[in-house]
Amino acid sequence: MDMDMDMYRCVECGFRIKTLFVQYSPGNIRLMKCENCKAVADEYIECNFLILLIDLILHKPKAYRHLLFNVLKQGAPHFEGLFWKSTVGYLLLDAYRSLVLKSCDEEWSSSMSLSSLVWTCRKLLTDVFLGNLLFLGTFLLATKIFLSRSAGSLRNKDILLAILISSYFKMFLIVMMVWEFPSSVIFIIDLFVLSSNTVAVKVMTESAMSRCIGACFSAHAVKIFTTQ
């Protein structure tokens, strides 16, 4: 693996840095400054998680740099496990999304035989796996064609983890299990997921925003057309 990929990043400018802070004693640290922009390399180290969450929702690139480069560091021992856990969580939330949309259908709400129920569930799972398979395939192809050369130095697993983590808006689907919302809320969540994916891809690949939007939009469009 490229040694540069194991380095931290300044959240302000994205410049690579060897260490984010110096610890003199337990609870006594000094944050390092970036050699490029002279700002504190990662201010989120001393911030509450709620502040990070708010900045992620506001789509601030520095919040995504902190999360994707300085927290979810590729060389960390938990990286592999986090990738598979995120994949399972992503698929489960996507399956619930499809279930909610399917439940709005008159055929689903009416009385169904056991065979019809099994067939519908099997079709639902097939749509989820096929839709996401085409989504990931289209996205990886788009990154190779449209995005900058820096994307080529990233492992596919690194980019996919960025997509999975930046799809955190899907967790708001859990709220729909407790309170009843109109199905249109799902499409609002989809828009937030698309915009969050775009910011994450831009941070990871350092490509132009228009190209990142094109790559993410094309992948989401293929997934929607496949599952409809």
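Q: How many disulfides are there in the whole structure?
A: A search of the whole structure finds 0 disulfides, a disulfide being a pair of cysteine sulfur atoms within 2.5 Å. This is a predicted model, in which local features need pLDDT of at least 70 and side-chain atom pairs count only at pLDDT 80 or more, while totals for chains, interfaces and linings use all residues. Residues are numbered from 1 along each chain as its sequence is written, and side-chain values use heavy atoms, with hydrogens and water left out.

Q: Is Cys10 buried or exposed?
A: Cys10 is buried, because its relative accessibility is 0%; buried means under 20% relative accessible area, exposed over 50%, and partly exposed in between (1.4 Å probe, protein chains only). Cys13 is partly exposed at 32%.

Q: Changing topic: where does UniProt place the transmembrane region?
A: The unreviewed UniProt entry places that feature at residues 128–147; such annotations may be inferred rather than shown by experiment.

Q: What is the helix content of residues 128–147?
A: The span is 95% helix and 0% strand, and its end C-alpha atoms lie 27 Å apart. Helices (H or I, at least four residues) and strands (E, at least two) are DSSP runs, numbered from the N terminus.

Q: Where is Trp179?
A: Trp179 is in the loop between α7 (175–178) and α8 (184–205). Trp179 counts as exposed because its relative accessibility is 55%.
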